Amino acid sequence: VKQVSTGQKISCLYVKQSVDRHVADLKRSKKKDYPYKFDIEKADRVIRIIKRLKHTGGKLANQDFDLQPFQAFMVANIFGWVRKDDGLRRFKKVYIETAKKSGKSEFMAALECYMCFYDREEGAQVYTAATKRPQADHVFRPAKIMMKKLCEQSPKVKSICRVMRNEIVNTKTNSFIKTLTSDSTTEDGMNVHCGVADEYHAHSDDAILANMESGAVSREQALIMIITTAGFNKNGPCYEYRNNVVKP
C-alpha cells in the first residue's frame with residue numbers, strides 16, 4: 001500500500017484505485033455506522049498459512065510459498081475485511097486480472113487449499129472451473145502437490161488429507177477440492193464454498209460461473225473468485241463483466 005501510494009512502485013490506474021479504495025475504507029471503518037472493519041489478525045492468519053505451502057515448479061519448487069506484496073494485498077483484502085455485526089467476510093466475489101506468468105495458478109491453488117483445509121467450514125466444496133480439463137488442471141495439479149508436500153511436513157495434516165487423482169479430500173470436515181468443466185456432470189447438487197473461474201477470458205459464456213454462484217447461495221460466506229489474463233475476446237462474458245467492475 002505504501003509503495004503504491006507514494007509512487008515508489010510504478011502501478012497502473014486500476015492498482016492505484018484498488019489501494020485508494022482500501023485506504024479510504026480503513027478511514028470509513030472508524031465510523032460507527034460503517035458496516036465493515038479490517039481485521040488484521042484474520043488477514044495475517046491466511047497469509048501465514050499460505051506461506052507454509054510450497055512452490056511446485058521451476059527454480060522455486062519445494063521452497064516456502066513466497067507471497068509477493070501484490071498477492072499479500074489481495075489476500076488481506078479478501079480475508080481481512082469483515083462485517084462488524086457477525087465477523088463474516090465482506091467480499092464474496094473477487095475479480096483478479098493479471099499479467100501472464102504472474103504465478104496466478106499457484107496463487108489460486110494455495111487459496112483453494114486454504115479454503116478446503118483451514119477456513120473452518122464443514123463440508124466445504126471447492127471447485128476449479130475452466131472450459132476444459134487441462135486448463136482446470138493448471139490450478140488443481142499445483143493444489144495436489146502442495147497438499148502432498150504439506151502432508152510430508154505435518155503428521156496432523158497427513159492424518160486428514162487424501163490426495164487422489166481427481167479429488168483432494170479433507171476427511172475431518174468432509175470437504176474436497178475438484179475440477180469443474182463445461183462438459184462436467186459435477187455441477188448437479190453443488191454446495192459451493194469456494195469456486196475459482198480460471199482464465200475467464202476463454203469462457204464462451206457465463207454458464208459455469210453462474211452454476212457455481214447458484215450453488216453457493218446456502219453458504220454464509222462462500223467465495224467466488226474470477227482470475228484471468230486479459231485475453232482478446234471483447235464479445236465474451238469476461239470482457240462484459242470486466243466493464244462492470246473496472247471503472248477508469
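Asparagine 62 counts as partly exposed, because its relative accessibility is 46%, a value between the 20% and 50% cut-offs. The model is predicted. Look for asparagine 62 in the loop between H3 and H4. Its phi is positive, about 75°, although asparagine 62 is not a glycine. Most residues other than glycine have a negative phi.

Lysine 101 also has a positive phi, near 60°, and is a residue other than glycine. It sits in the loop between S3 and H5. Is lysine 101 buried or exposed? Its relative accessibility is 88%, so lysine 101 counts as exposed. The cut-off for that class is over 50%.

Now go to strand S9, residues 223-228. Six of its six residues are buried, so the strand is mostly covered. In a regular strand the side chains alternate between the two faces of the sheet. Leu223, Met225 and Ile227 point one way from S9. Ile224, Ile226 and Thr228 point the other way. Residues of both sets are buried.

Which strands pair with S9? Strand S3, residues 93-97, pairs with S9 in the parallel sense over five bridges. In this pairing, glutamate 97 stands opposite threonine 228 of S9. Strand S8, residues 192-198, runs parallel to S9 and is joined to it by five bridges. Here alanine 197 has isoleucine 226 of S9 as its bridge partner. Between S8 and S9 the chain passes through helix H8, residues 207-214, and this β-α-β crossover is right-handed.

Next comes the core. In soluble globular proteins, nonpolar side chains tend to be buried together. The largest nonpolar core in this model has 42 residues. Phe79, Met108 and Met225 have the most contacts inside it. Met225 also belongs to S9, where it points the way of Leu223 and Ile227. The elements that give two or more residues to this core include helices H3, H4, H5, H6 and H7. Strands S3, S8 and S9 are also among them. H5 gives the most, with ten residues.

Then the empty spaces. Rolling a probe the size of a water molecule over the atoms shows where empty space is left. The largest pocket has a volume of about 1400 Å³. It is lined by 43 residues, and Tyr14, Val15, Ser18, Phe73 and Met74 are the closest to its centre. Helices H1, H2, H4 and H9 and strand S3 each supply at least two residues of this lining. H4 has the largest share, eight residues. By class, the lining of the largest pocket holds 25 nonpolar, eleven polar and seven charged residues.

The second largest pocket has a volume of about 640 Å³. Its lining has 26 residues. Which of them lie nearest its centre? They are Lys101, Gly103, Lys104, Ser105 and Glu106. Lys101 is the residue with the positive phi near 60°. H4, H5 and H6 each supply at least two lining residues of this pocket. The largest share, five residues, comes from H6. The classes are six nonpolar, twelve polar and eight charged residues.

How many cavities of 30 Å³ or more does a search of the whole structure find? It finds one. The largest cavity has about 40 Å³ of space. Its lining includes Phe70, Gln71, Met74, Ile96 and Thr98. Ser102, Gly103, Lys104, Phe107 and Ile227 are also among the lining residues. H4 and H5 are the elements that give two or more residues to this lining. The largest share, three residues, comes from H4. By class, the lining of the largest cavity divides into five nonpolar, four polar and one charged.

Some residues link these places. Met74 is among the residues closest to the centre of the largest pocket, and Met74 also lines the largest cavity. Gly103 and Lys104 lie nearest the centre of the second largest pocket, along with Lys101, Ser105 and Glu106. Gly103 and Lys104 line the largest cavity too. Ile227 is a buried residue of S9, and Ile227 is one of the residues that line the largest cavity.

How values were computed. Residues are numbered from 1 along each chain as its sequence is written. This is a predicted model: local features need pLDDT of at least 70, side-chain atom pairs count only at pLDDT 80 or more; totals for chains, interfaces and linings use all residues. Side-chain values use heavy atoms; hydrogens and water are left out. Buried means under 20% relative accessible area, exposed over 50%, partly exposed in between (1.4 Å probe, protein chains only). Helices (H or I, at least four residues) and strands (E, at least two) are DSSP runs, numbered from the N terminus. Two strands pair if DSSP finds at least two bridges between them. A crossover is right-handed if, with the strands pointing away from the viewer, the path from the first strand over the helix to the second runs clockwise. On a 1 Å grid over the protein atoms alone, a cavity is a set of points where a 1.4 Å probe fits but cannot get out, and a pocket is an open set with protein on both sides within 12 Å along at least five of seven lines; lining residues have an atom within 4 Å of a point. Grid points are joined across faces, edges and corners, and a volume is the space filled by probe spheres set on the points. Ala, Val, Leu, Ile, Met, Phe, Trp, Tyr, Cys and Pro count as nonpolar, Asp, Glu, Lys and Arg as charged, and the others, Gly among them, as polar. A nonpolar core is a set of buried Ala, Val, Leu, Ile, Met, Phe, Trp, Tyr and Cys residues joined through side-chain atoms within 4.5 Å.
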